[in-house]
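Me: Please take a close look at one part of this chain, and keep to what can be computed from the atoms. Give the cut-offs for each term as you go.

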Amino acid sequence: MVNKVTWQKAGRVTEPGRYMFRYGWLTITAEDLAIWQQFPDASFTLVALPSAPDAPEEFHLGAFEIPAKPTVDEL
């Protein structure tokens, strides 16, 4: 199962950093934010990083998708 993260689910953060997210920590880079600022509806693949067994999970953002805008025929 691939988990996707939107800017809204990440709390619409405005600065790069490490944020508490669900069951662990999510690191968001300036590059990730630049994509969300240009494409607010983009969703990123959530990637788990290796961590110690008793430590909170660590995540970062992977590949992203930009939703297609509906065409006139789809409206």
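Reply: Two strands are taken to pair if DSSP finds at least two bridges between them. Strands (E, at least two residues) and helices (H or I, at least four) are DSSP runs, numbered from the N terminus. The model is predicted, so local features need pLDDT of at least 70 and side-chain atom pairs count only at pLDDT 80 or more, while totals for chains, interfaces and linings use all residues. Residues are numbered from 1 along each chain as its sequence is written, and side-chain values use heavy atoms, with hydrogens and water left out.

Strands E4 and E5 run antiparallel and are joined by six bridges. Within this pairing, phenylalanine 44 has phenylalanine 64 of E5 as its bridge partner. E4 (residues 43-49) is also joined to E1, again antiparallel, by three bridges. There, phenylalanine 44 of E4 is the bridge partner of valine 5.

Charged side chains come next. A salt bridge is counted when a side-chain nitrogen of Lys or Arg lies within 4 Å of a carboxyl oxygen of Asp or Glu. The whole structure has two of them. In one, glutamate 65 and lysine 4 bring their closest N and O atoms to 3.1 Å. This pair links distant parts of the chain, as glutamate 65 belongs to E5 and lysine 4 to E1 (residues 4-6), 61 residues apart. The other salt bridge is between glutamate 58 and arginine 18, with 2.5 Å between the closest N and O atoms. Here too distant parts of the chain are linked: glutamate 58 lies in E5 and arginine 18 in E2 (residues 17-21), 40 residues apart.

Accessibility sorts these residues. Buried means under 20% relative accessible area, exposed over 50%, and partly exposed in between (1.4 Å probe, protein chains only). Glutamate 58 is buried because its relative accessible area is 19%.

Together with Phe39 and Ile66, Phe64 forms a nonpolar surface patch of about 250 Å² accessible area. Areas come from the Shrake-Rupley method with a 1.4 Å probe, and for residues only the protein chains shown count as cover. Patch residues have over 30% relative accessible area and no salt bridge; nonpolar side chains (Val, Leu, Ile, Met, Phe, Trp, Tyr) are joined within 5 Å, like charges within 9 Å.
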